[in-house]
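Try each task before reading its solution.

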Amino acid sequence: MNATIRITGMVWYRAEDYDACRRIMADRDQLSAAFHIWRMQAETGEKKLRREGHTIVRAYIDPETFPDWCRSRGLNIDAQARMQYANLIAKEAAGNSH
């Protein structure tokens, strides 16, 4: 039997970067006001995906470099860009695991 490994990128923040990350996001109102609330929700989602068989790769957002990454790709600094970034990190991780 050939099991498919599903590698999923999840946007992740460091506690010390969270406020700065919220400030740079066009859709900051979509993010929890406090890091600890965001982290609880993110960990719950991560556990659910792991139970469903996904291998999770945390894609840490750096508030210093993420705006340039978005601009270089013509992206707004928002949820869509965060997901593209997480998918890229997951794809890179998948490529490095073979």
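Predicted model: local features only at pLDDT ≥ 70, side-chain atom pairs only at ≥ 80, totals over all residues.

Residues are numbered from 1 along each chain as its sequence is written, and side-chain values use heavy atoms, with hydrogens and water left out.

**Exercise 1. Check the length of helix 4 (residues 79-96).**

Helices (H or I, at least four residues) and strands (E, at least two) are DSSP runs, numbered from the N terminus. The expected span is 1.5 Å times one less than the number of residues. For the 18 residues of helix 4, that gives 26 Å. The end C-alpha atoms are 26 Å apart, so the two values agree.

**Exercise 2. Find the buried residues of helix 4 and their packing partners.**

Buried means under 20% relative accessible area, with a 1.4 Å probe and protein chains only. Ala81, Arg82, Tyr85, Ala86, Ile89, Ala90 and Ala94 are buried. They pack against strand 1 (6-12), strand 2 (54-60) and helix 3 (66-72). An α-helix has 3.6 residues a turn, so residues three or four places apart point the same way.

**Exercise 3. Is His54 buried or exposed, and what does its side chain meet?**

Next, its relative accessibility is 16%, so His54 counts as buried. Last, the His54 side chain makes a polar contact (a pair of N or O atoms within 3.5 Å, within protein one able to donate a hydrogen and the other to accept it, residues adjacent in sequence counting only if both atoms are side-chain atoms) with the side chain of Thr8, at 2.6 Å.

Notes
Buried < 20%, exposed > 50% of the residue type's maximum accessible area, 1.4 Å probe, protein only. Contact = heavy atoms within 4.5 Å.
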